[in-house]
Amino acid sequence: MSNPWDDLEPETPRVDPLSTEPPAALRPPKGPGAVAVFARGMTRRCPRCGSGNLFRSWFRIRERCPRCGLRLEREEGGFLGAMTINYVVTAGVWVALLVVWLVVDLPDLHVAALTIASLAIAGLFPLLFWPFSKTIWASVDYLIYRTSPDYGSREAANHASGNGGRP
Ligand SMILES: [Zn+2]
């Protein structure tokens with residue numbers, strides 16, 4: 001029986017004793033480059049195969065990629081990284097707003113309006129950015145997990161997300 005991993009990576013790298021090629025562990029990993037992986041994460045697509053449709057709703061990510069089976073969410077807490085990304089990006093957006101606001105509004109600063117705009121960003125942006133933070137974190141996790149020697153196995157895929165592929 002074939003499974004979705006078969007055409008992505010060989011289960012065990014074949015070693016040819018006469019080959020002059022360096023062993024598999026010394027070669028860069030196959031698959032998409034880090035830039036492509038992050039580009040997929042930033043557009044809410046699977047870091048491994050680029051498939052979309054990873055979300056049941058805006059806030060609920062599927063457990064696995066529907067195309068390649070990459071595990072996207074392992075357990076509660078496994079996405080602490082996604083929350084951190086969300087927080088950092090939200091803070092960055094707010095600082096950008098603050099800088100632009102000060103440049104435009106000084107010297108007569110509209111404190112009440114700035115406060116309302118700040119609260120709106122703090123309240124709404126994390127909700128809008130939430131699914132993106134999830135797939136960006138899945139990209140980070142995938143880049144770590146695919147360096148694992150048993151990359152491609154179902155076990156490694158099960159351990160992916162949240163702990164870098166280690167049990
Ligand atoms: Zn996939």
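Here is a chat about the fold, the helix packing, the surface and a few backbone details.

Biologist: What kind of model is this?

Modeller: This is a predicted model.

Biologist: OK. How many helices and strands does the protein chain have?

Modeller: The protein chain has four helices and zero strands. Read along the sequence, the pattern is α-α-α-α.

Biologist: And how much of the chain is buried?

Modeller: Buried residues account for 35% of the 167 residues in the protein chain.

Biologist: How do H2 and H3 pack?

Modeller: H2 covers residues 80-105 and H3 covers residues 111-145; they pack at an angle of about 145 degrees, and their axes are 8 Å apart. H2 passes H3 in a right-handed crossing.

Biologist: Which classes of residue make up that contact of H2 with H3?

Modeller: The contact has 20 nonpolar residues, five polar ones and one charged one.

Biologist: What joins Leu106 and Pro107?

Modeller: A cis peptide bond, with omega at about 5 degrees. Pro107 sits in the loop between H2 and H3. As a rule, most peptide bonds are trans.

Biologist: Switching to the surface: which residues make the nonpolar patch?

Modeller: Trp94, Val95, Val99, Val100, Val103 and Val104 make a nonpolar surface patch of about 570 Å². Val103, for one, lies in helix H2.

Biologist: Is Val103 buried or exposed?

Modeller: Val103 counts as exposed because its relative accessible area is 66%, and the cut-off for exposed is over 50%.

Biologist: How many salt bridges does the structure hold?

Modeller: The structure holds one salt bridge. Arg71 pairs with Glu63 there, and the closest N and O atoms are 3.1 Å apart.

Biologist: Are those two buried or exposed?

Modeller: Arg71 has 18% relative accessibility, so Arg71 counts as buried. Glu63 is at 41%, so Glu63 counts as partly exposed.

Biologist: Last topic, the backbone. What about phi at Arg44?

Modeller: Arg44 has a positive phi of about 60 degrees although it is not a glycine. Arg44 lies in the loop between helix H1 (34-42) and H2.

Biologist: And what about phi at Asn53?

Modeller: Asn53 is not a glycine, and has a positive phi of about 60 degrees. Asn53 is placed in the loop between H1 and H2. In general, most residues other than glycine have a negative phi.

Biologist: How accessible are they?

Modeller: Arg44 is partly exposed, at 27% relative accessibility. Asn53 is exposed, with a relative accessible area of 53%.

Technical notes: Residues are numbered from 1 along each chain as its sequence is written. This is a predicted model: local features need pLDDT of at least 70, side-chain atom pairs count only at pLDDT 80 or more; totals for chains, interfaces and linings use all residues. Side-chain values use heavy atoms; hydrogens and water are left out. Axes are lines fitted to C-alpha atoms, for helices over the stretch in contact, and angles run from 0 to 180 degrees between N-to-C directions. Helices (H or I, at least four residues) and strands (E, at least two) are DSSP runs, numbered from the N terminus. A crossing is left-handed if the near helix is turned anticlockwise from the far one by less than a right angle, and right-handed if clockwise. Ala, Val, Leu, Ile, Met, Phe, Trp, Tyr, Cys and Pro count as nonpolar, Asp, Glu, Lys and Arg as charged, and the others, Gly among them, as polar. Patches are made of residues with over 30% relative accessible area and no salt bridge: like charges are joined within 9 Å, nonpolar side chains (Val, Leu, Ile, Met, Phe, Trp, Tyr) within 5 Å. Accessible areas come from the Shrake-Rupley method with a 1.4 Å probe; for residues, only the protein chains shown count as cover. A salt bridge is a side-chain nitrogen of Lys or Arg within 4 Å of a carboxyl oxygen of Asp or Glu. Buried means under 20% relative accessible area, exposed over 50%, partly exposed in between (1.4 Å probe, protein chains only).
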